[in-house]
Amino acid sequence: MSKKSKFVWFPTPYHSLLLWLVWQILHEFSRGHMVLGAVFAIVIPWIVAPLSEKEPVAKNPLKVLLYLLRLVQDIIVSNFEVAKRVLQSNRHLKPAFIAVPITISEPLPLTIFTSSVSLTPGTCSVELSDDKQWLYVHVLHLEDEQKLIAQIKQRYEAPIKEIFQC
Amino acid sequence: MTNILEIVVSFLLVLGAIIMLIGSIGLAKLPDYFTRLHAPTKASTLGVGCILIASMVYFSFDLGRLNLKEFLITMFLFITAPIAAHMLAKAGLQYKVKLKEDTYNKDLSAKAYLHKAPDED
């Protein structure tokens with residue numbers, strides 16, 4: 001197999017960088033740990049890379065950053081909305097299940113998408129249909145079903161599809 | 001300088017504590033299993049986030065160098081919280097917990113349990 005004959009120094013460069021950075025943060029950027037972290041960041045991907053399945057890679061780091069910033073903003077804004085709902089009477093609450101049609105099928109983008117839906121307060125992803133065409137979402141307070149589905153698709157699904165180009 | 005720092009840190013601590021309190025109130029008072037799932041999982045991410053940022057700011061100034069360990073905790077929290085919520089929701093479907101009477105689209109929960117598309121029989 002051609003995959004084995006070719007030697008690659010950094011089979012998963014992003015993972016190597018992340019590993020090194022996390023090691024540095026844990027050990028407060030001392031010189032010895034910079035070297036030790038670098039050794040780990042090089043050797044561990046050699047061992048682990050053949051085990052992991054091929055995942056789509058984000059092409060544009062800037063877009064990933066923009067997406068994360070928007071996610072944090074959404075989490076903060078809608079957290080206050082949920083707080084308001086919690087403090088009001090239960091009688092005004094309209095909980096609902098909705099089914100969101102989805103077009104992502106790769107495991108990693110799908111995980112990020114469903115996690116984003118769960119993290120933004122007010123919505124919680126419950127289950128996928130077997131054909132990965134529908135995501136069931138529980139909503140704490142539903143005003144307008146179609147509007148919410150459109151919002152989820154536009155705010156989270158579209159950017160993830162763009163980032164991973166799938 | 002230390003005054004402003006103290007104000008920022010205590011503001012973040014109080015805000016975080018209030019958010020966590022509201023999450024706990026939600027856990028106690030919301031009507032059914034699935035609505036109860038919302039309050040604590042979400043409030044914990046933002047509430048704990050606020051408290052960790054406060055800790056990060058305080059210790060960065062106190063030790064005189066950048067302290068980012070709390071940032072790692074926040075990251076892991078943001079990765080694991082939705083997974084926990086998802087597993088709890090799945091468990092709720094499995095046990096067919098009682099839903100609030102006027103839950104909209106109640107029958108979708110049965111479809112979700114069977115992993116079917118909503119228009120499938």
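These notebook entries record what I looked up in a predicted model.

**Ground rules.** I number residues from 1 along each chain as its sequence is written, letter chains from A and number ligands from 1 in the order written. Local features need pLDDT of at least 70, side-chain atom pairs count only at pLDDT 80 or more, totals for chains, interfaces and linings use all residues, and side-chain values use heavy atoms, without hydrogens and water.

**Domains.** I checked the assignment for chain A, which is automatic or from a database. It gives domain 1 (13-51) and domain 2 (61-164). Their C-alpha centres lie 33 Å apart.

**Lys153(A).** I found Lys153(A) in helix 6 (residues 145-164) of chain A; helices are DSSP runs of H or I, at least four residues, and strands are E runs of at least two, numbered from the N terminus. I then followed its side chain, which reaches the backbone oxygen of Pro101(A) at 2.7 Å. Ile102(A) sits 51 residues away in sequence but 7.9 Å away in space, C-alpha to C-alpha.

**Cores.** I looked for nonpolar cores (buried Ala, Val, Leu, Ile, Met, Phe, Trp, Tyr and Cys joined through side-chain atoms within 4.5 Å). The largest has 23 residues, and Ile98(A), Val100(A), Phe113(A), Val137(A) and Ile152(A) have the most contacts inside it. Helix 6 of chain A gives the most to this core, with seven residues. A second, separate core of 13 residues includes Phe97(A), Cys124(A), Leu37(B) and Leu93(B).

Conventions: Polar contact = N/O pair within 3.5 Å; in protein donor to acceptor, adjacent residues only side chain to side chain. Buried < 20%, exposed > 50% of the residue type's maximum accessible area, 1.4 Å probe, protein only.
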